[in-house]
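Okay, everyone, thanks for coming.

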Amino acid sequence: MRKTSCSYNWGKIEILLKKIKEVDKNNFTIAIFHTHPNLFGEKYGTLFEKHEEKYKELGIQPNGLNISLADIYANMYLDMLLKKYCLPQVAESIILMHDGRVVSFNTKNGINLTGNDTLEKISNQTFKKEKPKMEDLTL
């Protein structure tokens, strides 16, 4: 619970991409998912902590509530692997922030924010989509 980094097994991901290319390269979606936990309010000597007031003025959130350079790099690396295997998909990164927001982005053409919602709202939307209609229940 005190880990401040995550890593991906790129070797396994590359094996998966090779298999997908052989089976059905057009019929899959790929995303990197991880969390940005609140690490017990501990201080880590980050740039935000050193210049908190200035960063707040610029709209930058406290630690664990931003997309990091490491997040962007990981997504760009997955994009590179997709290109390497001539796969048409766009790599998506999804991050569950510790305040309950779910942020998603891709790096296909720059950095593109594709989602910024609360986990609760996403859950409610999913429930509404999956809720059966009365006519579906009749015999």
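So let's start with what covers the buried residues of α4: that includes α1 (10-24), β1 (31-36), β2 (92-97) and β3 (101-106). Quick words on terms: helices (H or I, at least four residues) and strands (E, at least two) are DSSP runs, numbered from the N terminus, and buried means under 20% relative accessible area, with exposed over 50% and partly exposed in between, using a 1.4 Å probe and protein chains only.

Before going on, this is a predicted model, where local features need pLDDT of at least 70 and side-chain atom pairs count only at pLDDT 80 or more, while totals for chains, interfaces and linings use all residues. Residues are numbered from 1 along each chain as its sequence is written, and side-chain values use heavy atoms, leaving out hydrogens and water.

Now, α4 itself. It covers residues 69-84, 16 residues, and reaches 22 Å from its first C-alpha to its last, close to the 22 Å expected at 1.5 Å a residue; that expected span is 1.5 Å times one less than the number of residues. Which residues of α4 are buried? They're D71, I72, A74, N75, L78, D79, L81 and L82. After the helix comes C86, with a positive phi near 55°.

Next, the helix neighbour. α1 and α4 pack at about 35°, with their axes 10 Å apart. Axes here are lines fitted to C-alpha atoms, for helices over the stretch in contact, and angles run from 0 to 180 degrees between N-to-C directions. Who makes the contact (heavy atoms within 4.5 Å)? From α1 you get W10, I13, E14 and L17, and from α4 you get A74, Y77, L78, L81, L82 and K84. Those residues split into 8 nonpolar, no polar and 2 charged.

On to the sheet. 4 strands form an open sheet in the order β1-β2-β3-β4, with mixed pairing; two strands pair if DSSP finds at least two bridges between them. β1 and β4 (112-118) are at the edges with a single partner strand each, so one side of each has no neighbour in the sheet.

β1 and β2 run parallel, joined by 6 bridges, and H34 has I95 of β2 as its bridge partner. β2 and β3 are antiparallel, over 5 bridges, and there L96 stands opposite V102 in β3. α4 packs on this sheet, touching β1, β2 and β3, and its direction makes about 165° with that of β1.

Last bit: in a regular strand the side chains alternate between the two faces of the sheet. In β1, I32, H34 and H36 are on the covered face, and A31, F33 and T35 on the uncovered one.

Definitions and conventions. Contact = heavy atoms within 4.5 Å. Nonpolar A, V, L, I, M, F, W, Y, C, P; charged D, E, K, R; others polar.
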